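Please read these points with the model open beside you.

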Amino acid sequence: MTSGGESSVFENGTRFRLFAQAPILKAFHRPETVIVSSPAGSVGPGPGDDHMYVIDPIGKAFAYGLAQNLRGDPLYLMPPWRGDVFPPAFPDVDGHFDHIDPEEPEFEAAHLFGSVRFALDVWEKYFGHPIAWHFRRDLDRLELVIQRNLLENAFMGYGFLEVGIHETTDGWVEPFTLNFDVVAHEVGHCVIYSVIGVPDSGTASAEYYGFHESSADLAALVAALHFDSVIDELLETSHGNLYTRNLVNRIAELSRNSQIRLAANPLTMRDFVHGWSDEHALAQPLTGAMFDIFVDLFHEELVARRLITQNQEDLSDKLEDSPDYFRVIQPMFDEAYAASPWEFREALVASRDELGMLLAETWRRLSPDDLSYAEVGDTLRAVDAQAAGGRWRKIIDVNLKRRAIGLVSAGPKIKPFGPRSHFGLPRVFVPARHEACCARHLHFAGRMGARNSLARNRVCAP
Ligand SMILES: [Zn+2]
């Protein structure tokens, strides 16, 4: 993994070439060479190692999760895939994968594996230990599936990560395997399943689902900020004014002017008091609050390093919701950044790591049952008190209050889960019981309430 200003932390790791952001963006049309933690030589064809492997399946008509057989009986499809696969990506003689050209068909597989490992490395750094698979009781390895039948989605489930495609309005197909933000978002879900877990039946709150999506977006944002090219481009285009619409607060860009979500968004919990219908929308107030906290952490670093003055920071805070913000604040950043670009970079890396630490420590302490944003906020304050002596308390309080987090809660769910939901189909559940009925079939009893009722009916993977 390269890292802002700290390249080659894994001296004996494995090299991959990754697009740090969607390759349709001009600044990122060439992949960046990174080194991930897997020791060179430990990753074989696939790529695959003891923890995970990529497959490019031939004729995999259905995504994993709930499906039906020809008679209409419910099936719960589980990895491993036992059908044919396209040729895997092979390492070079030294065990690296950076020799594969983006034009070659195996590049997608290498990019998917490298992206997942890169994002895991980032979060393992903040947690201080490897992320254990949440499905480890039943499966040893995560199956990473290049799924060309899966339109506009990618999802992490029990033992698998399936990554689909995006079709542009003019019919061009862009595989999500090459979109680092999309893959890192799914790794974020995986981290949350591992460190927080899945709620018991009946105790999954609305805000648990919103929290999951928000955390996955923040996990992707922090991971992307570990590419040298992302930090360079962010600072070159914003001069440190992170509220400009930029590559970091536009999550998972699909083209030069569209993205899946904005981290810098105006939604508050008051927008959801009367109900919610999509967990990605419900995530937005929490993501927005955490993004604002990140910007404030960065400003604190700039002041502490004498790169902007306290008065300038106060002015920035005061004008935050004002139409004058960019007119007044941008020239201030232009001047300060031009004088000390390298120091701005160091301040950005420091605040990125403060955000990563705050998030990891907060997630570590949460439990999935009846999870609320108010509890997330209180835990954030407790982490700040213990880990930073309360240094960021004011920043946390101001930004949570602006989003009404801790003041009001989400209302009832007013629509069923839609096709883009990561939760609407019983893809994500923890088997309560596991009995092998034969070498190939596992019986499962679901644990996530009514929407998994079919999974509870002792159905078999084919
Ligand atoms: Zn998601």
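**Notes on the model**

1. Start with two helices. Helix H3 (residues 206-224) packs against H8 at an angle of about 150 degrees, and their axes lie 11 Å apart. H3 is therefore roughly antiparallel to H8. Angles under 35 degrees count as roughly parallel, over 145 as roughly antiparallel, 65 to 115 as roughly perpendicular, and the rest as oblique. Axes are lines fitted to C-alpha atoms, for helices over the stretch in contact, with angles from 0 to 180 degrees between N-to-C directions. Helices (H or I, at least four residues) are DSSP runs, numbered from the N terminus.

2. Which residues make the contact? From H3 come Phe211, Ser215, Leu218, Ala219 and Val222. From H8 come Arg352, Leu355, Gly356, Leu359 and Trp363. Contact here means heavy atoms within 4.5 Å.

3. A word on the basis. This is a predicted model, in which local features need pLDDT of at least 70, side-chain atom pairs count only at pLDDT 80 or more, and totals for chains, interfaces and linings use all residues. Residues are numbered from 1 along each chain as its sequence is written, and side-chain values use heavy atoms, with hydrogens and water left out.

4. Now the core. The largest nonpolar core holds 124 residues, of which Val116, Trp123, Leu144, Phe211, Leu225, Leu348 and Trp363 touch the most other members. Helix H1 (residues 107-127) gives the largest share of this core, 13 residues. A second, separate core has 10 residues, among them Ile55, Ala67, Leu75 and Val145. A nonpolar core is a set of buried Ala, Val, Leu, Ile, Met, Phe, Trp, Tyr and Cys residues joined through side-chain atoms within 4.5 Å. Buried means under 20% relative accessible area, exposed over 50%, and partly exposed in between (1.4 Å probe, protein chains only).

5. Take Leu225. Neighbours within four places in sequence aside, Leu225 contacts Val230, Ile231, Leu234, Val248, Phe294, Leu348 and Arg352.

6. Is Glu124 buried or exposed? Glu124 is buried, at 16% relative accessible area. This residue lies in helix H1. Not counting residues up to four places away in sequence, Glu124 touches Arg117, His129, Pro130 and Ile131.

7. Ser340 sits in the loop between helix H7 (325-339) and helix H8 (341-365). Ser340 is buried, with a relative accessible area of 15%.

8. A salt bridge needs a side-chain nitrogen of Lys or Arg within 4 Å of a carboxyl oxygen of Asp or Glu. One of them joins Asp73 to Arg71, with the closest N and O atoms 3.0 Å apart. Asp73 is partly exposed at 30% relative accessibility, and Arg71 is exposed at 68%.

9. H8 returns here. Glu361 and Arg364 form a salt bridge (2.8 Å, N to O). Both lie in helix H8, three residues apart, about one turn of the helix. Glu361 is buried at 18% relative accessible area, whereas Arg364 is partly exposed at 37%.

10. Last, helix H9 (residues 373-388). Arg381 and Asp378 both lie there, three residues apart, about one turn of the helix. Their side chains meet in a salt bridge (2.9 Å, N to O). Arg381 is buried at 19%, while Asp378 is partly exposed at 48%. A network of salt bridges links Asp378, Arg381, Arg393 and Asp397.
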